[in-house]
Amino acid sequence: VLIDGMNASDPSTPNGSFNFAHLLAASIDRVEVVRGPLSSLYGSDAIGGVINVITKKGSGPTSGAASIQGGTFRTDAEAANIQGGQGMVNYNFSVDRFYTQSISVTPTWLRGNRPYEKDGYTNYGYNARVGIDPSENFGLTLFSRYINSYTAYDSVAEDPNSREKTNQWYNRLQGDLVSLGGRWTNTVGASYVRIDRTDLDDRSAYVASPSRNNNLGERVRFDWTSKFQVMQNLN
């Protein structure tokens, strides 16, 4: 899974799988999905395919937008952004939030006579994309994304105190150079990904002793992709 060229797989977990549940869509422009092995381009992790998430690029006069949504289970979602592009500079900044009180993760038949407790979810963060194009052939882009989430769940049947907190940072600086009339393109990037995930469970009538499990993962990556077009249908 890539987000604006960053390897978004979770370095705080043994299998490195990406949790799509925490990815809000307000700032996303498009999602590209390629099935099959692409290890020659993206490394051995891409042996099964690639999901590439691309955020919106600012353009035109400065403008903004905001949205508010609501639903059942006390669910609400808010998002706002400001974007534009004048001369050499383009930018897009957005913030979003999602909250739901939800329902209990534990089904009724497993709950028994224990009191009902809702397992809610909260997610908020920001996304920023700023580009500078000194010339028609060269551009620099800074990508930054932050996600803070809180998830309540049941580690045992109807556990009122079991929860997970995560903080995620994604940052990337990328340079793009186009030469030979557009036939040769080079992309150089530096990325930093950090995911801090903590699972907590306080003492309760169902849990004898409190627990705390912290998982922290970081990834620093430098990459260079060079593409040359030999003829119209051959790269």
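**A pocket and the strands around it**

User: What volume does the largest pocket have?

Analyst: This is a predicted model, where local features need pLDDT of at least 70 and side-chain atom pairs count only at pLDDT 80 or more, while totals for chains, interfaces and linings use all residues. A pocket is an open set of points on a 1 Å grid over the protein atoms alone, where a 1.4 Å probe fits, with protein on both sides within 12 Å along at least five of seven lines. Counting the space filled by probe spheres set on the points, joined across faces, edges and corners, the largest pocket comes to about 950 Å³.

User: Which residues are closest to its centre?

Analyst: Residues are numbered from 1 along each chain as its sequence is written. Lining residues have an atom within 4 Å of a point, and the largest pocket has 34 of them. The closest to the centre are Gly5, Tyr42, Asn52, Gln174 and Thr187.

User: Which helix supplies at least two residues of that lining?

Analyst: Helices (H or I, at least four residues) and strands (E, at least two) are DSSP runs, numbered from the N terminus. Several strands supply at least two lining residues each, including strand 3 (28–35) and strand 12 (211–228). The helix that does so is helix 1 (39–42).

User: What percentage of the protein chain is buried?

Analyst: Buried means under 20% relative accessible area (1.4 Å probe, protein chains only). The chain has 235 residues, and its C-alpha atoms fill a box of roughly 75 × 40 × 30 Å along the principal axes. The buried share is 38%.

Key. Heavy atoms only, no water. Buried < 20%, exposed > 50% of the residue type's maximum accessible area, 1.4 Å probe, protein only.
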